[in-house]
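Take a walk through this structure, one stop after another. Keep the 3D view open as you read.

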Amino acid sequence: MESERNSEKMSKQKRERNVLAFTGATALAVIAVNFAITAFKRRHKKKDLQGSIVRVNLSAAEILKLADKIVSKSKEVHDAVASVPLDKVTFMNVISPLAELEAQQFPLVQSCVFPKLVCTSDDVCKSSAEAERKIDAHMLSCSNREDVYRVVKAVAATGEWVSPEAKRYIQSLVRDFERSGLNLTISKREEVQRLRDQIDELSLQYVRNLNDDKTFLLFSEADLLGLPPEFLKSLDKAENGIFKVTLKSHHVAAVLELCKVGRTRRLVAVAYGKRCGGINLSVLESLVELRHKFARLLGYSNYADYALDLRMAKSSSKVFEFLEEISASLTDLASRELLMLKDLKRKEEGELPFGIEDLLYYVRRVEELQFDLDFGAVKQYFPVNLVLSGIFKVFQDLFGLRFEEVLDAVVWHSDVRVFSVFDLSSNDLLGYFYLDIYKREGKYAHTCVVALQNGALSSTGARQIPVALLISQIQKDIVGHPSLLRFSEVVNFFHEFGHVVQQICNRASFARFSGLRVDPDFVEIPAQLLENWCYESFSLKLISGFHQDITTPIKDEICKSLKRRRYAFSALKLKQEILYCIFDQIIHSADNVDIVELFKHLHPKVMLGLPMLEGTNPASCFPRSAIGFESACYSRIWSEVFAADIFACKFRDGLLNQRVGMQFRNNVLAPGGSKEPIEILSDFLGREPSIQAFVDSRAECSL
């Protein structure tokens, strides 16, 4: 195979390097051993990464000093651009300096900001947060510079595009200035800023109200039948020994999923749905009203049109059409799922009506009855080093890449590892990624990818290479106790490595369009696509092995059960998510909506007759619509639908088909934000994207 030939060639050329480009089951074992021993082979002399200007290991003082330099240099460039006479503007004296500034400063900004995610020093974390505030304030002032807007607008008027991507870049600059109100009169611009400040404050207030809620319910041990002993031990108790169950999500989820007592589930679900009922309802109503005013000042008919203007969907009518088509396509399957749950509740609890509070519990009960899956046993097949080795193999073989560890790179902790990424055919260096995956006090608690340096072309034609960082919190190996991943963590790693490859393989000319800086409706599609490899027997066996004998792969029966369980009751769950998405879209595209009545109307309509819990007000405890995803709650489903279409059309019958993988790399990942995402996907698929594969995948795995 081509990858084997390249591996052999490289090992002859540079035997001292740790090359990860093996194939076959034996090679996986070799790679796993390499992962385990390379930590002991690090050299004392550390070196910087060629082509990377990301700075790691900065002290607290150095971070603040760098932040000041960033602001000073940015102001210098913006002042120079603003000084160009309007009749002398060109691409080279206005646009090119701004583009190069973005490319050069992004990794320096990230050098200031990312330490707060990974550093255990309080001083460094505080300086990192302070530097971020300082840089953000400066960036905000730059977005409001009317003098820079005027010269950029003047270049746009000349039609001097240089290239289609340059045209898109200039248009994005103009659009961003105008979304800040710079095409308005001074009084209207001031009103835009005032509204923006009010919106920001109310959004934070909504979330603060939820976070500050201290409500708890009291239950006896009998009321909590079905909850595991370790959960009960974690609960505070009242004076009489009764358990306190708070309305924090981890308590609520445990009760709704595990508690055998229907009355307890209902009490908790009702209390959870009543949180901040009066105050947050008022906050959300004010928020929506202010957002509509804000959008109309900027020339949009409503807030949804403002928010969607930057997204693939483009309009609320398209979002409604998409959500309603998905919902209608899933109705028959969801009805069968609901009937199954109702039948099981009738057998276990008698003729009590089935309510929305029963959904999680009875989904879990059916899964227990239908699937022979012990996730504690499944975990034994996923030692972390072997999973990483297998993921590396899949990504290298599929996308024509070669990963090579840099043993003597400068890092911020001894657990951190650095890899170069090369093109397998040309041996060109494409980029780097850092792995900081082991648990550490004070580190960011979730698995994610951070872009540290974006790819870009300079005015001289030199290419700046991308750099990524993958953060996680995995328990490190202890002698006699290997680090084992839950299956959900395996899926998470595949997802996040999708983002790593997305960052590294981008070939956009402008840093603004590079890596993860793409349409927010598009950014999750590659990562969600790659989750599919976790549910196919062929690829599951590549990334698994019993921890006491890694040559023993995961069993076929487990693979089949994992795949069937993936979409168990997915139609009902999606209906519930669609309900919230439709609500979010309606309130942000229409005026004077009665929020309480809207939910009461939508709930039984979307949820197959299941009524909203009496006395609850979901709008008061739905933070996605208040901050971060306002008018965009649909986006997760949107990404999943298109990812399913790509997988079914291109990859299902060839999980390691490098020809198709290279097409995806070159035609989907490489352009990044330099082209319209719907155009990218349509060109790759040879047709417009469809929802059919998404719907079919749910039906195929139905119980």
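Helices α23 and α24 make a right-handed crossing. Remember that this is a predicted model. Helix α23 covers residues 570-587, and helix α24 covers residues 595-606. The two pack at an angle of about 145 degrees. Their axes lie 10 Å apart.

Now look at where they meet. From α23 come Lys575, Leu579, Tyr580, Ile582, Phe583, Ile586 and Ile587. From α24 come Ile595, Leu598, Phe599, Leu602, His603 and Val606. Sort the residues of this contact by type: eleven are nonpolar, one is polar and one is charged.

Phe583 turns up again in the largest nonpolar core. This core has 164 residues. Phe583 is among the members that touch the most other members, along with Phe382, Phe395, Phe433, Phe497, Trp533 and Phe651. Helix α15, residues 316-349, gives the most to this core: eleven residues.

Zoom in on Phe433. Leaving aside neighbours within four places in sequence, its contacts include Phe392, Phe403, Phe419, Ala468, Phe497 and Val500. Arg417 is in contact with Phe433 too. Another core lies apart from the largest one. It has 27 residues, among them Val81, Val151, Tyr169 and Val174.

Last stop: arginine 145. Find it in the loop between α6 (122-143) and α7 (146-158). Is arginine 145 buried or exposed? Its relative accessible area is 16%, and buried means under 20%, so arginine 145 is buried. Its side chain makes a polar contact with the side chain of aspartate 79, at 2.8 Å. Not counting residues up to four places away in sequence, arginine 145 also touches Lys75, His78, Ala82, Phe177 and Leu182.

Methods. Residues are numbered from 1 along each chain as its sequence is written. This is a predicted model: local features need pLDDT of at least 70, side-chain atom pairs count only at pLDDT 80 or more; totals for chains, interfaces and linings use all residues. Side-chain values use heavy atoms; hydrogens and water are left out. Helices (H or I, at least four residues) and strands (E, at least two) are DSSP runs, numbered from the N terminus. Buried means under 20% relative accessible area, exposed over 50%, partly exposed in between (1.4 Å probe, protein chains only). A polar contact is a pair of N or O atoms within 3.5 Å; within protein, one must be able to donate a hydrogen and the other to accept it, and residues adjacent in sequence count only if both atoms are side-chain atoms. Contact means heavy atoms within 4.5 Å. A nonpolar core is a set of buried Ala, Val, Leu, Ile, Met, Phe, Trp, Tyr and Cys residues joined through side-chain atoms within 4.5 Å. Axes are lines fitted to C-alpha atoms, for helices over the stretch in contact, and angles run from 0 to 180 degrees between N-to-C directions. A crossing is left-handed if the near helix is turned anticlockwise from the far one by less than a right angle, and right-handed if clockwise. Ala, Val, Leu, Ile, Met, Phe, Trp, Tyr, Cys and Pro count as nonpolar, Asp, Glu, Lys and Arg as charged, and the others, Gly among them, as polar.
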